[in-house]
Amino acid sequence: MSTPTLNISEIFHSIQGESSYAGWPCTFIRLAGCGHGCRHCDTAYAEHPGREMNIEEIIERVVELGAPLVEITGGEPLLQEEVYPLMEKLCNRWKERVLLETGGFLSVAKADPRVHKIIDLKPPSTGVSDKNNPENIALALKQKDHANRLIELKIVVADREDYLWARELLTRTGLPDACTVMMGVAFGMLEPVNLANWILEDRLNVRMQLQLHKYIWDPGRRGV
Ligand code: SF4
């Protein structure tokens, strides 16, 4: 029987740029394929088929790169069934230092409970805000009673309409009481000072972030 494989767009070592782990050196495993069709997708190249690698080969490469943190990302990583055993094996080795970043259209319910899940909430400017999976919001809300919160939400705002959408959602659901909500600007589309002022004016209980890697390196560069 052949060893199951995952289709990998790239594996690289960089600085984690967008989450409560921003700033840490991190090895990224980018799975190929997505199909959600967000407007302004900054990793459209991950739509193309990549290289087939089995889990042992992936882990070997992650070990070689030597970062303290590992992130599975995409594309949409939850589209490939073998991502689940990959998460399990990574957690067995890197314990709580494994992150999963997902576009938020698929539920994270089946992901290894030890994985720190970063879920995108797509606002209107992406053209796909109606595809945010409500189960992910329900799972995030359930964390209210738990000290160990392993789901965080990320909202990338491109304009005032996105911000108002996010504000309404967060206020209505009470999500900021249940999980960390990271809110940032879409690079080059909104001045960070505008978002900062809106958050402060509204006393919004979110954590502002910038896409760190886009300030460190050329914003169009791959593999960072
Ligand atoms: S979910 Fe991510 S990778 Fe997929 S289209 Fe949207 S931004 Fe691009």
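Predicted model: local features only at pLDDT ≥ 70, side-chain atom pairs only at ≥ 80, totals over all residues.

Student: Okay, which residues surround the ligand?

Tutor: The residues around the ligand are C34, H36, G37, C38, C41, T43, G75, F105 and K122. Sorted by class, that shell has four nonpolar, four polar and one charged residues.

Student: G75 is in that list, so where in the chain does G75 lie?

Tutor: G75 lies in the loop between β4 (69-73) and α2, and the peptide bond that joins G74 to G75 is cis, with an omega of about 15 degrees. Most peptide bonds are trans.

Student: Switching to helices, at what angle do α1 and α2 cross?

Tutor: Helix α1, residues 55-65, and helix α2, residues 83-94, have axes that cross at roughly 40 degrees and come within 10 Å of each other, and the crossing is right-handed.

Student: And which residues of α1 and α2 meet there?

Tutor: On the α1 side they are I55, E56, I58, I59, V62 and V63, and these meet P85, L86, K89, L90, R93 and W94 of α2. By class, this contact has nine nonpolar and three charged residues, with no polar ones.

Student: Now the salt bridges: how many does the structure hold?

Tutor: There are twelve salt bridges in the structure. One of them pairs R30 with E10, whose closest N and O atoms are 2.7 Å apart. R30 belongs to strand β2 (residues 25-31) and E10 to strand β1 (residues 5-15), so this pair ties together parts that are 20 residues apart in sequence.

Student: Are R30 and E10 buried or exposed?

Tutor: R30 and E10 are both buried.

Student: What about K154, which residue does K154 form a salt bridge with?

Tutor: K154 forms a salt bridge with E101, and here the closest N and O atoms are 2.4 Å apart. This pair links distant parts of the chain, with K154 in strand β7 (residues 151-157) and E101 in strand β5 (residues 98-102), 53 residues apart. Both K154 and E101 are buried.

Student: Where do R172 and E168 lie?

Tutor: Both are in helix α4 (residues 160-173), four residues apart, which is about one turn of the helix, and they form a salt bridge with the closest N and O atoms 2.8 Å apart. R172 is exposed, with a relative accessible area of 55%, whereas E168 is partly exposed at 42%. Elsewhere, salt bridges that share partners join E18, E101, D120, K122 and K154 into one network, and K122 is also one of the residues around the ligand.

Student: Which residues does G103 touch?

Tutor: Leaving aside residues up to four places away in sequence, G103 touches E76, D120 and K122. G103 is placed in the loop between β5 and β6 (116-120) and counts as buried because its relative accessibility is 11%, below the cut-off of 20%.

Student: One last topic, which is phi: what value does H40 have?

Tutor: H40 has a positive phi of about 65 degrees although it is not a glycine, and its place is in the loop between β2 and β3 (51-54). K95, in the loop between α2 and β5, also has a positive phi, near 50 degrees. Most residues other than glycine have a negative phi.

Notes: Residues numbered from 1 in each chain as written. Heavy atoms only, no water. Near = heavy atom within 4 Å. Nonpolar A, V, L, I, M, F, W, Y, C, P; charged D, E, K, R; others polar. Axes fitted to C-alpha atoms, helices over the stretch in contact; angles between N-to-C directions. Helix = DSSP H or I, 4+ residues; strand = E, 2+ residues; numbered from the N terminus. Left-handed = near helix turned anticlockwise from the far one by under 90°. Contact = heavy atoms within 4.5 Å. Salt bridge = Lys/Arg side-chain N within 4 Å of Asp/Glu carboxyl O. Buried < 20%, exposed > 50% of the residue type's maximum accessible area, 1.4 Å probe, protein only.
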